[in-house]
Amino acid sequence: MVRPARESRSPSARLRARFEEHRLTPTQRRIAQFLIENAQQAAYLSSNGVAELVNVSQASVTRLAIALGFEGYPQLRRYVRELDLASP
């Protein structure tokens with residue numbers, strides 16, 4: 001069976017793969033799940049907006065971004081936007 005090229009996967013699938021590469025806390029997993037399920041919306045939300053929708057602190061959203069290797073949430077949000085824009 002031939003696996004489709006990585007670029008052909010949906011933005012949510014690529015985002016899920018990125019999250020699965022890291023060991024996340026339960027709170028971080030909740031935020032990650034929200035981002036996966038709402039990638040198009042999340043790409044334009046502030047960290048406070050995400051925090052309110054997931055019912056976590058803004059600091060938890062920032063810590064997730066840093067745990068994933070980003071400099072902060074704005075860089076993670078940019079990554080999510082780029083995934084959405086690059087989708088076929």
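Which residues in α5 are buried?

## One face of α5

Keep in mind that you're looking at a predicted model. In α5, the buried residues are S60, V61, L64 and A65. Look down the axis of this helix and those buried residues sit within an arc of 145 degrees, so they line one face of α5. There's a handy general idea behind this: an α-helix has 3.6 residues a turn, so residues three or four places apart point the same way.

Just after α5 comes G69, which takes a positive phi of about 95 degrees.

## How α2 meets α5

Now for helix packing. Two packed helices are described by the angle between their axes and the distance between the axes. Helix α2 covers residues 26-37, and its axis comes within 9 Å of the axis of α5, crossing at roughly 85 degrees. That makes α2 roughly perpendicular to α5, because angles from 65 to 115 degrees count that way.

Who does the touching? On the α2 side, T27, Q28, I31, A32 and L35 make the contact, while α5 brings S60, V61, R63, L64 and A67. Sort the residues of this contact by type and you get six nonpolar, three polar and one charged. S60, V61 and L64 of α5 take part in this contact, and S60, V61 and L64 are also buried.

## How α2 meets α4

Helix α2 packs with α4 too, at an angle of about 105 degrees and with the axes 10 Å apart. That makes α2 roughly perpendicular to α4. Here the contact involves R30, I31, F34 and L35 of α2, plus V50, L53 and V54 of α4. By type, the residues of this contact are six nonpolar, no polar and one charged.

N55 is found in the loop between α4 (47-54) and α5 (58-67). Is N55 buried or exposed? N55 counts as exposed because its relative accessibility is 65%, and the cut-off for exposed is over 50%.

## A look at α1

Finally, find A13 in helix α1, which spans residues 11-20. A13 has a relative accessible area of 30%, so this residue is partly exposed. A13 and E37 are 24 residues apart in sequence, and their C-alpha atoms are 9.9 Å apart in space.

Key: Residues numbered from 1 in each chain as written. Predicted model: local features only at pLDDT ≥ 70, side-chain atom pairs only at ≥ 80, totals over all residues. Heavy atoms only, no water. Helix = DSSP H or I, 4+ residues; strand = E, 2+ residues; numbered from the N terminus. Buried < 20%, exposed > 50% of the residue type's maximum accessible area, 1.4 Å probe, protein only. Arc of directions from axis to C-beta. Axes fitted to C-alpha atoms, helices over the stretch in contact; angles between N-to-C directions. Parallel < 35°, antiparallel > 145°, perpendicular 65-115°, else oblique. Contact = heavy atoms within 4.5 Å. Nonpolar A, V, L, I, M, F, W, Y, C, P; charged D, E, K, R; others polar.
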